[in-house]
Amino acid sequence: MTGNANEHGSVFAITLKKLVTLALAVAALALLPLACGEQPETAPEKKQAVRPAWAPDKRPLVFSRSQTKYNYYKNYLNNRTWLDRPLLFDRALGPQPGDPAPGYGGTFASFRQDIDTAKTYGLDGLAVLLGYKRMAENGFATIDFTKQAAPENFSLLIEFSGDKSPAEDVVAYQAESIRRQLACPDAARLDGKIAITSYVADGIPPEKWREILAGLRREVGDSFVFLADVACPWVSAFDAFCKNNRVMPEDKAREVEASVRSYLETADGVMFNMPTVVSDDERYDRRPPRDFFENFVIPLFLKLRNDPAYAKKYFGVKLGLAYINHMSGVTKSEACTKTLRYGFETALRVRPDVMQLAEWNEVNENTCFMPTVAKSFSTQRILKYYMHVLRNEAPAPNPGDDISLPNLILSYRPYLRLGEPLEVEVLNIPDGTAAGEFSVGLELLDENGRTVKQFPGMKLPAAELKDVTWSLPTENFPDAEILRPVLTVKPPRGKTLRYAEGLQAMRIHTTWNIDYLCVKQPLRDLIQPQQAEFASTAEHRLRGAFACGENLAALEVLEDDGEIYGAGRENEYPSLDTHTLFRVYYQGKSGKPFTGKVTIKNTSFKFLPPPDRGLTFHSCKGDSVSVNFKASVVGPPVGFFLAVPKAEAAQGELDIDFNLLKGNIALKTALDYGMAALTGEDGISLVVQPWTWLPDIPARINAPKAEFDIPAALHEADAVYHMRAVTVAGKTWRSAPVIHRAPRSGQTTKLTVFSETRQQPVDIVVAKERVPDLTWDFNPAAGGVLPCRNSPRWNGQLGGAVQYGETFHSRAYPEGTVITAPAWATEDGFPCLKFDGRGNFAHFPTEAFPRGSFTLSFEIKPTSEENQVLFTHHGSLIGSLSLFLNKGAITGTFVDTKVKLHRLDPRISVKTGEWSKVEVIYDYRAFRVKVNGREGTSVPLSARALYMAPCVFGGRPGYEEFFPGAPRFFQGYLKAFGIAHGVE
């Protein structure tokens, strides 16, 4: 529809806002309707669909928020190591003449792709968040794009936010937003007026909204309706619900209702969140608390919906399918496809006028409704079915579907750690092409092809949107490091189908995991290859070849979940056989401009600009790369690549001469330790890494065949590779894993893990080498890096910690901090780090400190009697453990999954001016501390860490509630540091 209410009555737009403390959003969906295969000889007869119980009489309008900064042509690989990317990625959709100025991030071609894809879902349109002045001005281009596209049966919805700017400023720029929407023929409307939804509207009080809305109506007349997103009460309400034995206290219920009513009476309507606004904590993948929604949220909104006083108000729901952010540490699970389906069907019970899906394409939070490489077209197929039902249409297959194959989606998490349950879901999507029942069975094979588990077959009715799910406690199979799913399907008619190839294998880590994303494979979107070969050779090379009956977009090699190679890479970067690629980047919290140059000495090189295809701050002349930031250095890393001949790499050197940073880095240091760094004032650091991952996603292959032969680059002792193919139409295929196993001693060790199935710690036995026992080298030659002997992935950095999710990303350094990196020194004959007590710290990556049993060890020589912090496991959000020196005594706190703080006092001290070897031990049963072999009082403790997070020695972020007395940073010397993921 274009421009007015739907066929059942007035409707408004939907948005899903992010959660107050944690930002949560989920975006909407997309698909290019293409697939090879058998076509029905005649179109199936259209029959009136049987409406499920969840389908309301009047259908809502359904939109999804889209952000043009997340687009189909931008590299998502190396600036934040995101877990997923758009399935329909195409560099050809990049900036063209006439597109907005560089820095905005979107193009018409890319947004047109969003429109075309969203229409295959049956959505009414996309939304754009115009939250504050600059965002609104950027969003004007999206309105212009929509006018330029002139799409049929598609509308653009605009959203405001709880902007804390002065009311008169908000009125000024948002009045312009409304004027532009009024001039857009494809603007979403409710009862003939411009529809405006919102994002965390209750971030400002109702009184301010009254002032803003009155000002807007003075400017543009009574031309719009505004729905206030009420987001803020739900976190505290759920907390009260849990503390009251999962019953909402009456006083809290009245408080929340009063808050919602205050916005409902101020605005033209309200919106609320389903179902990822809050989550339970029994599992680390955190799932929606259905009893909270069923027993409180839904009844509250039905009460308001049915109140005669609000008969002329609009009601909306904001819907998410997940929030999976390994950088912040927060996960709100997809639960395969269950979170989406539960949220959609349950939200419809309040008879919304508008549903807003959050978000279409926020890639860093993995809230995407658009097709992604991991999700394929699973969300499109589900939403398309829902929209058929809501429109009272008979479900139908996608154009091009091979209807001889079942319309089933296979979903599971490909990365887990022991103690987490492995769940495999098969979902049937009715499309009118089959009747009767499917019989589905599942077998799990180990890396050698032996059966680990054979699950009994289950039935799926072809005419129902229904799943079967098998579950396996991973701790029951502690030796299964790799599991390969084999799915068998017996259709109602025809031969049994066996899916043993093309599906992603599952990797089970013992103690750590950062990837909580599900892979979702529609069987109709699985490539049927004509050739598929992937293997390693005796020469430690990886070779692959792939061919199919349609053009390929990409053929890639992944090490675990990280792309290390893509066919076509050599078109832009020198061969891995002849050159070493180095990534040079800088980061920091300084608000000052960053200018200067890097001179490359003692080697030839090729300068390669950053692959972001956006603003560039670099130029190369002779042997120097000049850098000139017009903005400050802050947040995500920015930099460039150098390609250096392998024969010359070890002798190369970088001479760094910036206004905020000066010094030298030898390329050999980066080669030896996997990383080299130099840190200066204000936390500014320059980092050099040998870049053996994929530096940029190559242009599409656009041919039905591709092959490669490359050297393997191990990033872990046990490296697991697989080959992934993606076609231009968006079909996918994954090879069996290739495993490079480090030598093993045959020894085993006991490991205590938390069973999320049993909800208690359990002891298991695993190969000793599978349990990380991380130790860092104290070598001044490494400069600003603490190299990890186990793997560069665990390298520590001196100072810094300002990238998204890291400890000081959103937290200030202590007042008066000049240098964040501790200095190298020699004390009592030992190379060590000297901490000044004002702002020095060493930073270690996420999951170096585990969310399980551990032995943390270090050797220190404090030089101050003041209370000070030793260690914190916190990122930009709360992790778990903090250790302090309190008048020489070691004390601590531990924050568990319920955000409960446990005080730890083992009653043991270290002496100022003397070396002490400290061991901190936790086995899910007790917290213990040893100093120079002498053990303090054991503290009973059975708790799980809150979020996965990085950790720092010597410093702390600004969580004052967890740091009583605001202790200063550590002052003294550190000469050894290690973290074992277990207890001997």
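Colleague: How many aromatic pairs does a search of the whole structure find?

Modeller: The search finds 51 aromatic pairs. Take Phe-808 and Phe-969: their ring centres are 6.3 Å apart and their planes are at 40°, so that pair is tilted. For the cut-offs, rings of Phe, Tyr and Trp (its six-membered ring) pair if their centres lie within 6.5 Å, and planes under 30 degrees apart count as stacked, over 60 as edge-to-face and the rest as tilted. This is a predicted model, where local features need pLDDT of at least 70 and side-chain atom pairs count only at pLDDT 80 or more, while totals for chains, interfaces and linings use all residues. Residues are numbered from 1 along each chain as its sequence is written, and side-chain values use heavy atoms, with hydrogens and water left out.

Colleague: Which parts does the pair of Phe-808 and Phe-969 tie together?

Modeller: Phe-808 is in the loop between β44 (796–798) and β45 (823–827), and Phe-969 is in the loop between β57 (951–953) and β58 (971–980), so the pair ties together parts 161 residues apart in sequence. Helices (H or I, at least four residues) and strands (E, at least two) are DSSP runs, numbered from the N terminus.

Colleague: Are Phe-808 and Phe-969 buried or exposed?

Modeller: Phe-808 is buried, and so is Phe-969. Buried means under 20% relative accessible area, exposed over 50%, and partly exposed in between (1.4 Å probe, protein chains only).

Colleague: What sits over the ring of Tyr-284?

Modeller: The charged end of Arg-851 does, 4.4 Å from the ring centre. The charged end of Arg-944 also sits over the ring of Tyr-284, at 5.3 Å from its centre. That takes NZ of Lys or CZ of Arg within 6 Å of the ring centre and within 35 degrees of the ring normal.

Colleague: What's the strand order in the open sheet of five strands?

Modeller: The order is β28-β31-β26-β35-β34, with antiparallel pairing. The edge strands, β28 (606–608) and β34 (676–679), each pair on one side only. β28 meets β31 (638–645) over three antiparallel bridges, where Leu-608 stands opposite Phe-641.

Colleague: Now helix α1. What does its buried side pack against?

Modeller: The buried residues of α1 pack against β2 (125–129), α2 (133–149), β3 (155–161) and α9 (378–390), where contact means heavy atoms within 4.5 Å. Among the buried ones are Phe-111, Ile-115 and Ala-118. Just after α1, Gly-122 takes a positive phi of about 85°.

Colleague: Where are the cis peptide bonds you'd point out?

Modeller: One joins Met-274 and Pro-275, with omega about -20°; Pro-275 lies in the loop between β7 (269–274) and α7 (290–305). Another joins Ala-358 and Glu-359, with omega about -5°.

Colleague: What about phi at Cys-336?

Modeller: Phi of Cys-336 is near 60°, a positive value in a residue other than glycine. Cys-336 counts as buried at 2% relative accessibility. His-540 has a positive phi of about 60° too, but His-540 is partly exposed, with a relative accessible area of 30%.

Conventions
Pairing = 2+ DSSP bridges.
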